[in-house]
Amino acid sequence: KRNGSNANVITYLIDQGANVNCKNRAGQTPLFLIFRRYRLYNRPDDRRLLLYLIPRSRLSHELMRSIKWANTPWDVKETLIENFLLHELNVCQEYLHQFPIHSVCRVPCPNQDTILDIIRHFGNRTTNDWSLSLLSFDHDGRLPIHVAAGQQMRCVSSSSSNPAITPFVILKMLELEPRSALIRDPMTGFYPFQMVSCCHLAEFRGSRNHGSEVLNVIFQLFRANPSSLLIKKTTKGGQASVNDGSLTTRCRKRQKTI
């Protein structure tokens, strides 16, 4: 049916072995078409059909970026995000539940407003103040700001990177938890401002408008921790001292008490 609900027909065909990931001539999958139809007509049958299709469909990066997230209900969003992380990125379910903000930073979205909305929602599921999660260390000793900046450091031009993680998203994390700027990423050894610098070096050459935004974020991150570029005091043995370890230790103790 063009305007009517055909949810029963679709579920029957899939239960009988129809390929749920087949594409039409325009390259669109059944899941994408039902998302579009739900956005137009907002029918309960299509909502139930989405919850049926999502766990059975392949959730590519391109599909995740093309979906219109604004008017999608949260039970559908949660199902979509969790299935993408578990089945496409092979994120452990225990990790997802324990470190929701770390996990959702890896979800490809169409824009920065969408990823910020997702971060707030998943953060509030575990605590009344989701900003508390921004100083939570995962099993690798990383903070959410490290994971977010690291998404761009992997490869800015890669299809698996997350273009929704913009300098504004990093700056928002910094505003909510300024102490995160003082801690190195254990995977790269960089401070957050250094990670952003590496990610967006090309922006200064290629785009005047976005380049100023990047420069502002780098400045704000650096201003929170200017000592990272000062000459380190040397010990009697001649080795440079590292002064961010005590903060990391205090943050870990605080995390255990939350």
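Hi everyone, let's start with cysteine 198, which is partly exposed, because its relative accessible area is 46%, between the 20% limit for buried and the 50% limit for exposed. Please keep in mind that we are looking at a predicted model. Cysteine 198 has its place in helix H11, which covers residues 192–199. If you look for glycine 150, that residue is 48 residues apart from cysteine 198 along the chain, and their C-alpha atoms are separated by 9.9 Å.

Now please turn to histidine 102, in helix H7, residues 100–104. Is histidine 102 buried or exposed? Histidine 102 counts as buried, because its relative accessibility is 1%, and buried means under 20%. Its side chain reaches the backbone oxygen of arginine 142 at 2.8 Å. Setting aside neighbours within four places in sequence, the contacts of histidine 102 include Tyr95, Ser136, Phe137 and Asp138. Arg142, Leu143, Pro144 and Val147 are also among them.

Tyrosine 95 brings us to the rings. How many aromatic pairs does a search of the whole structure find? The search finds one. In that pair, tyrosine 95 and phenylalanine 99 have ring centres 5.1 Å apart and planes at 50°, so the pair is tilted. Tyrosine 95 and phenylalanine 99 are both buried.

Finally, two charged residues over rings. Arginine 56 lies over the face of tyrosine 52, 3.9 Å from the ring centre. Over the face of tryptophan 74 you will find lysine 77, at 4.3 Å from the ring centre.

How values were computed:
Residues numbered from 1 in each chain as written. Predicted model: local features only at pLDDT ≥ 70, side-chain atom pairs only at ≥ 80, totals over all residues. Heavy atoms only, no water. Helix = DSSP H or I, 4+ residues; strand = E, 2+ residues; numbered from the N terminus. Buried < 20%, exposed > 50% of the residue type's maximum accessible area, 1.4 Å probe, protein only. Polar contact = N/O pair within 3.5 Å; in protein donor to acceptor, adjacent residues only side chain to side chain. Contact = heavy atoms within 4.5 Å. Phe/Tyr/Trp six-rings, centres within 6.5 Å; stacked < 30°, edge-to-face > 60°. Lys NZ or Arg CZ within 6 Å of the ring centre and 35° of its normal.
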